Amino acid sequence: MKRFKLSNSEEILMDTLWRENRPLTTLQLAEKITEARWNTNYIDKLLGQLVKKGMVQVSGLLQNGRYQSRQFVPCYTKDEFLANMLEEQGVNQALFARIAVALFKKPAKSNESEQEEKLIAELEKMVDQYEAALQNKEDK
């Protein structure tokens, strides 16, 4: 993934695409983005910038009466994007592991115990995947 920064508006648009997890047109994005009153021309401009940055791509056309509208999808998942952002800030795998441990050391609020269990399960799954990837490298 190449280096880039997103403006606040681009982040809002990307969050909407990630949350919806399906191809969306400019008009559909305008309907979904409720925290800002953007017109479709502004959204088109943002989408153009995101295409140039390699963040979104056209995935197809949607017939809307006599007109066709382009549909857009993210090129990266939110997890991939955030991992790249951390990596650009110098966060490697070892530092990430220390950050995860530090998060667990914080006192839990009453409603966080279930979330902690899910997080522990997810981290264990990640460790298993990492170990499998290391094993595959050694086998080659």
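Leu 61 is in contact (heavy atoms within 4.5 Å) with Gln 68, Ser 69, Arg 70 and Gln 71, leaving aside its neighbours within four places in sequence. The model is predicted: local features need pLDDT of at least 70, side-chain atom pairs count only at pLDDT 80 or more, and totals for chains, interfaces and linings use all residues. Residues are numbered from 1 along each chain as its sequence is written, and side-chain values use heavy atoms, with hydrogens and water left out.

Leu 61 belongs to strand 1 (residues 56–64). Strands (E, at least two residues) and helices (H or I, at least four) are DSSP runs, numbered from the N terminus. The C-alpha atoms of Leu 61 and Leu 13 are separated by 19 Å, and the two residues are 48 residues apart along the chain. Gln 71 is found in strand 2 (residues 67–74). Its relative accessibility is 14%, so Gln 71 counts as buried. Buried means under 20% relative accessible area, exposed over 50%, and partly exposed in between (1.4 Å probe, protein chains only). Not counting residues up to four places away in sequence, Gln 71 touches Pro 23, Leu 24, Thr 25, Gln 57, Val 58, Ser 59, Gly 60, Leu 61 and Leu 62.

The structure holds 2 aromatic pairs. Rings of Phe, Tyr and Trp (its six-membered ring) pair if their centres lie within 6.5 Å; planes under 30 degrees apart count as stacked, over 60 as edge-to-face and the rest as tilted. Trp 18 and Phe 81 form a tilted pair, with 5.6 Å centre to centre and 40° between the planes. Trp 18 lies in helix 1 (residues 8–20) and Phe 81 in helix 4 (residues 78–88), so the pair ties together parts that are 63 residues apart in sequence. Both Trp 18 and Phe 81 are buried. Trp 38 and Tyr 42 form an edge-to-face pair, at 5.3 Å centre to centre and 65° between the planes. Trp 38 counts as buried at 18% relative accessibility. Tyr 42, at 29%, counts as partly exposed.

Tyr 42 also takes part in a helix contact. The axes of helix 1 and helix 3 (residues 40–52) come within 10 Å and cross at roughly 90°. This makes helix 1 roughly perpendicular to helix 3. Axes are lines fitted to C-alpha atoms, for helices over the stretch in contact, and angles run from 0 to 180 degrees between N-to-C directions. Angles under 35 degrees count as roughly parallel, over 145 as roughly antiparallel, 65 to 115 as roughly perpendicular and the rest as oblique. Ser 9, Glu 10, Leu 13 and Met 14 of helix 1 meet Tyr 42, Ile 43, Leu 46, Leu 47, Gln 49 and Leu 50 of helix 3.

The axes of helix 5 (residues 93–105) and helix 6 (residues 113–139) come within 12 Å and cross at roughly 160°. Helix 5 is thus roughly antiparallel to helix 6. Helix 5 contributes Gln 93, Phe 96, Ala 100 and Phe 104 to the contact, and helix 6 contributes Glu 116, Leu 119, Ile 120, Leu 123, Met 126 and Tyr 130. These residues divide into 8 nonpolar, 1 polar and 1 charged. Ala, Val, Leu, Ile, Met, Phe, Trp, Tyr, Cys and Pro count as nonpolar, Asp, Glu, Lys and Arg as charged, and the others, Gly among them, as polar.

Asn 21 lies in the loop between helix 1 and helix 2 (26–32). Phi of Asn 21 is near 55°, a positive value in a residue other than glycine. Asn 21 is exposed, with a relative accessible area of 67%.
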